[in-house]
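Work through the exercises below with the sequence and the 3D structure in view. Each task is followed by a solution in steps.

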Amino acid sequence: MMFSRQIKIAPSILSADFANFGAECRAIEAQGADWVHVDVMDGHFVPNITFGPATCAAIRPHIKGVMDVHLMIAPVDAYIEAFAQAGADVISAHLEAGPHIHRTLQAIRGAGAKAGLAINPGTPVEAVEYLLDMVDLVCVMTVNPGFGGQKFIHSQVAKVAKLRAMIGDRPVHIEIDGGVTVETAPLVAAAGADVLVAGSAVFKGGSVGDPAPYGVNIAAIRAAAEGAV
Ligand code: DX5
Ligand code: ZN
């Protein structure tokens with residue numbers, strides 16, 4: 001993974017056909033996705049359950065590029081090795097998932113993956129200050145985690161701008177997750193984000209059998225974001 005601040009579109013397979021993950025991953029990459037975003041939920045840290053490391057390992061061969069695993073689970077540490085073994089390139093853990101996020105980030109890098117730090121809408125950006133030298137990505141949640149298709153929380157745009165200033169010239173990606181659309185992508189891109197996760201806005205109108213709309217949606221979000229930077 002070469003570091004770059006170019007806009008990257010990361011479709012979330014939370015909005016894909018759960019019975020067809022392999023084909024969906026191949027389809028979104030063929031339609032222009034840069035990264036594939038994989039949402040892991042435990043029914044405890046967030047009020048929804050998706051899947052675990054076995055599913056990540058099963059879809060890995062269907063992804064040529066970056067597999068970006070977003071862990072919405074608590075506790076986290078006991079599962080890091082399994083997600084790294086499953087082939088995750090980036091593993092993001094939530095700052096709110098436990099008292100020892102510093103140790104968690106060390107463990108992610110120790111397992112050979114890029115370390116991502118996700119923060120909920122209610123968490124102040126200052127909370128990441130002493131962690132910035134040990135992360136490769138900060139994921140700013142622009143919805144409360146747990147479900148796709150929620151409304152973008154506009155107050156987070158100012159947080160992204162503050163975070164961009166705090167990061168300075170460190171090679172740390174800013175990822176936006178939740179409610180990213182053609183309308184909201186330019187706001188966060190202008191504020192300094194470079195990885196845009198989008199679930200419903202990418203998968204709407206398409207299917208495994210008719211994936212062309214995925215490409216239209218990805219291109220539209222990318223063009224809107226690039227037009228703002
Ligand atoms: C929310 C997930 C997101 C979600 C985004 O908990 O982390 O990745 O799938 O979905 P949309 O783009 O539909 O808001
Ligand atoms: Zn996510």
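## Exercise 1: the zinc site

The zinc ion (ligand 2) is coordinated by His37 (NE2), Asp39 (OD), His70 (ND1) and Asp177 (OD), at 2.0 to 2.3 Å. Donors are N, O and S atoms within 2.8 Å of the metal (3.2 Å for Na, K and Ca), and sites may look incomplete because water is not among the atoms. This is a predicted model, in which local features need pLDDT of at least 70, side-chain atom pairs count only at pLDDT 80 or more, and totals for chains, interfaces and linings use all residues. Residues are numbered from 1 along each chain as its sequence is written, chains are lettered from A and ligands numbered from 1 in the order in which they are written, and side-chain values use heavy atoms, with hydrogens and water left out.

Task: Determine the arrangement of the donor atoms around the zinc ion (ligand 2).

Solution. 
Step 1. Six donor atoms surround the zinc ion (ligand 2), and they subtend angles of 69 to 171°.
Step 2. Six donors count as octahedral if opposite donors are over 155 degrees apart and all others between 65 and 115.
Step 3. The arrangement is therefore octahedral.

Task: Describe how the donors of the zinc ion (ligand 2) are spaced along the chain.

Solution. 
Step 1. The spacing reads H-x1-D-x30-H-x106-D.
Step 2. Distant parts of the chain are linked, with His37 in strand 2 and Asp177 in strand 7, 140 residues apart. Strands (E, at least two residues) and helices (H or I, at least four) are DSSP runs numbered from the N terminus.

## Exercise 2: a glycine in a loop

Task: Locate Gly179 and classify its accessibility.

Solution. 
Step 1. Gly179 lies in the loop between strand 7 (173-177) and helix 6 (185-191).
Step 2. Its relative accessibility is 23%, so Gly179 counts as partly exposed.
Step 3. Not counting residues up to four places away in sequence, Gly179 touches Val143, Gln150, Phe152 and Thr184.
Step 4. For comparison, Gly148 lies in the loop between strand 6 (137-141) and helix 5 (156-167). At 45% relative accessibility, Gly148 counts as partly exposed.

## Exercise 3: the nonpolar cores

Task: Which residues touch the most other members of the largest nonpolar core?

Solution. 
Step 1. A nonpolar core is a set of buried Ala, Val, Leu, Ile, Met, Phe, Trp, Tyr and Cys residues joined through side-chain atoms within 4.5 Å.
Step 2. The largest core has 75 residues, of which Ile13, Ile176 and Leu196 touch the most other members.
Step 3. Leaving aside neighbours within four places in sequence, Leu196 is in contact with residues including Ile7, Ile9, Ile176 and Ile221.
Step 4. A second, separate core of 11 residues includes Val66, Met141, Val195 and Val197.

Notes
Buried < 20%, exposed > 50% of the residue type's maximum accessible area, 1.4 Å probe, protein only. Contact = heavy atoms within 4.5 Å. Tetrahedral: all angles 85-135°; square planar, octahedral: opposite > 155°, others 65-115°.
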